[in-house]
Amino acid sequence: MIVAEDITSRFLNVISLFNGTIPLIAIQMQALRIGENITLVFTTVMDEMTRGLVDEDEDADAAPTDRDYWEKRATKATVALADDLLVLVKQFDPTLELKYNKFYIGLSREGQPFNFVSFRPKKSNINFELKLPQTDELDAKIDESGIETLEYNKRWGLYRLRLTKEQVKSKTEILRELMQLAYERRSS
């Protein structure tokens, strides 16, 4: 947070270079004399800007990889879980394909990123992320399903779930439902 008496456009241009990488808030402070009293007035002139959706992330475009990269980083079995989850996604949008990036496996439609879900295969499971706002209703639905949840990512608005091979096979209904909600939100 930066608080200054005078925040010029030049100052905003300089600090905006950091914004998105380093969360910044710029507040302009003015002191006003009213009679014998001095009052401080604070005006937010720049608030934290997010870098955008995962599919807009420059790093993803700058660091494309392939399936072989992920099979070496995780295992063939856990990368295959992304294939199984893609089968569920294709039930409501058959045009989607896996897109292998350095930090995650996303989705693409007609060659363009279309990430409402993403996958991060590990050695013994797959971390599955859904771009949905956190609600008590969704929290309860996920808890009732017995799927292990990781901490909700507030910055990117992501539910993060850890799935085993058995869960991908046995929890298809709830997984399809969650993916369809994220898909509809992304498509609207």
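The following legends describe close-up views of a predicted model.

**View 1. Aromatic pair between phenylalanine 114 and tyrosine 183.** Seven aromatic pairs are counted in the model. One of them joins phenylalanine 114 and tyrosine 183 in an edge-to-face arrangement, with 6.0 Å centre to centre and 65° between the planes. Phenylalanine 114 belongs to the loop between strand E6 (112-113) and strand E7 (117-121), whereas tyrosine 183 belongs to helix H7 (residues 172-187), so the pair ties together parts that are 69 residues apart in sequence. Phenylalanine 114 has a relative accessibility of 9% and counts as buried. Tyrosine 183, with a relative accessibility of 14%, also counts as buried, because the cut-off for burial is under 20%.

**View 2. Aromatic pair between phenylalanine 116 and tyrosine 183.** Phenylalanine 116 and tyrosine 183 form an edge-to-face pair, with 5.3 Å centre to centre and 75° between the planes. This pair links distant parts of the chain: phenylalanine 116 is in the loop between E6 and E7, tyrosine 183 is in helix H7, and the two are 67 residues apart. Phenylalanine 116 counts as buried, at 1% relative accessibility.

View 3. One aromatic cluster is made up of Phe92, Phe114, Phe116 and Tyr183. Over the ring of phenylalanine 114 sits the charged end of arginine 109, at 3.8 Å from the ring centre.

**View 4. Surroundings of glutamine 167.** Glutamine 167 is located in helix H6 (residues 165-170). With 14% relative accessibility, glutamine 167 counts as buried. When residues up to four places away in sequence are not counted, glutamine 167 touches Gly146, Ile147, Glu148, Arg162 and Leu175.

**View 5. Crossing of helices H4 and H7.** Two packed helices are described by the angle between their axes and the distance between the axes. The axes of helix H4 (residues 76-90) and H7 come within 9 Å and cross at roughly 60°. H4 and H7 are therefore oblique to each other. The crossing of H4 past H7 is right-handed. On the H4 side, the contact is made by Leu85, Leu88 and Val89; on the H7 side, by Thr172, Leu175, Arg176 and Met179. Leu175 is also among the residues touched by glutamine 167.

Methods:
Residues are numbered from 1 along each chain as its sequence is written. This is a predicted model: local features need pLDDT of at least 70, side-chain atom pairs count only at pLDDT 80 or more; totals for chains, interfaces and linings use all residues. Side-chain values use heavy atoms; hydrogens and water are left out. Rings of Phe, Tyr and Trp (its six-membered ring) pair if their centres lie within 6.5 Å; planes under 30 degrees apart count as stacked, over 60 as edge-to-face and the rest as tilted. Helices (H or I, at least four residues) and strands (E, at least two) are DSSP runs, numbered from the N terminus. Buried means under 20% relative accessible area, exposed over 50%, partly exposed in between (1.4 Å probe, protein chains only). A charge sits over a ring if NZ of Lys or CZ of Arg is within 6 Å of the ring centre and within 35 degrees of the ring normal. Contact means heavy atoms within 4.5 Å. Axes are lines fitted to C-alpha atoms, for helices over the stretch in contact, and angles run from 0 to 180 degrees between N-to-C directions. Angles under 35 degrees count as roughly parallel, over 145 as roughly antiparallel, 65 to 115 as roughly perpendicular and the rest as oblique. A crossing is left-handed if the near helix is turned anticlockwise from the far one by less than a right angle, and right-handed if clockwise.
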